[in-house]
Amino acid sequence: MSTQAASGKIEYGAMVEDGPMYVTMRIDKQLFGIEVKHVRDVLRQQKVTSIPLASPEIAGSLNLRGRIVTVIDVHRRLKLPPRDKELKSTFVVVELKGELYSLMVDSVGEVLTASAAMIEKTPANLSGCWKEIASGIYKLDGELMVLVDVPTLLTL
């Protein structure tokens, strides 16, 4: 379980051991989680090189230890308002079918072990952009975490 501190940071209490582990992130103040099995790396601000004629969701590419990684702007992917250019992005590198992708997010939190009993189906009233990529919802004290289906998120 977790509690929301006055600073806005999530504090995790007693962890459970019966469910999947998620890396927690924020996009446009919404908490979401990606299963640890998909995450390869978390990077601070990086130099992103634009790719001419790429779809709007593609922010560009970056060099990760000699590998070229496609950068996905999650704000654009979810049709959310553009993020403030003054704020630094965090990059979460995920792997799908042997290819690396970097998700440009607002911030990255902690690793959370979810109780399988507390994971629920995606509610019908969830906003369209989130409903499209959600594999479920996890209830935390004071807020809900959208569980992201990585293959769906990366389908442009």
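Valine 69 lies in strand S7 (residues 67–73), where strands (E, at least two residues) and helices (H or I, at least four residues) are DSSP runs numbered from the N terminus. The model is predicted, so local features need pLDDT of at least 70 and side-chain atom pairs count only at pLDDT 80 or more, while totals for chains, interfaces and linings use all residues. Residues are numbered from 1 along each chain as its sequence is written, and side-chain values use heavy atoms, with hydrogens and water left out.

Valine 69 is buried, with a relative accessible area of 0%; buried means under 20% relative accessible area, exposed over 50%, and partly exposed in between (1.4 Å probe, protein chains only). Not counting residues up to four places away in sequence, valine 69 touches Gly60, Ser61, Leu62, Leu64, Leu100, Tyr101 and Ser102, contact being heavy atoms within 4.5 Å. The C-alpha atoms of valine 69 and glutamate 99 are separated by 8.1 Å, though these residues are 30 apart along the chain.

Turning to the sheet, six strands form an open arrangement with the order S10-S3-S4-S13-S12-S11 and mixed pairing; two strands pair if DSSP finds at least two bridges between them. At the edges are strand S10 (107–113) and strand S11 (119–120), each pairing on one side only. S13 pairs with S4 in the parallel sense over two bridges, and with S12 in the antiparallel sense over six bridges. Phenylalanine 32 stands opposite valine 146 in S13, and leucine 144 in S13 is the bridge partner of lysine 139. The hairpin of S12 and S13 has two residues between the strands, and its glycine 142 takes a positive phi near 90°. Because five of the six residues of S13 are buried, this strand is largely enclosed by the rest of the structure.

What, then, of the nonpolar interior? A nonpolar core is a set of buried Ala, Val, Leu, Ile, Met, Phe, Trp, Tyr and Cys residues joined through side-chain atoms within 4.5 Å. The largest such core has 27 residues, of which Phe32, Ile34, Leu103, Val105 and Trp130 touch the most other members. Elements giving two or more residues to this core include strand S4 (30–35), strand S13 (143–148) and helix H2 (128–133). Leaving aside neighbours within four places in sequence, isoleucine 34 is in contact with Met21, Tyr22, Val23, Met25, Val39, Leu103, Val148 and Val150. A second, separate core of nine residues includes Leu62, Leu64, Leu100 and Met104.
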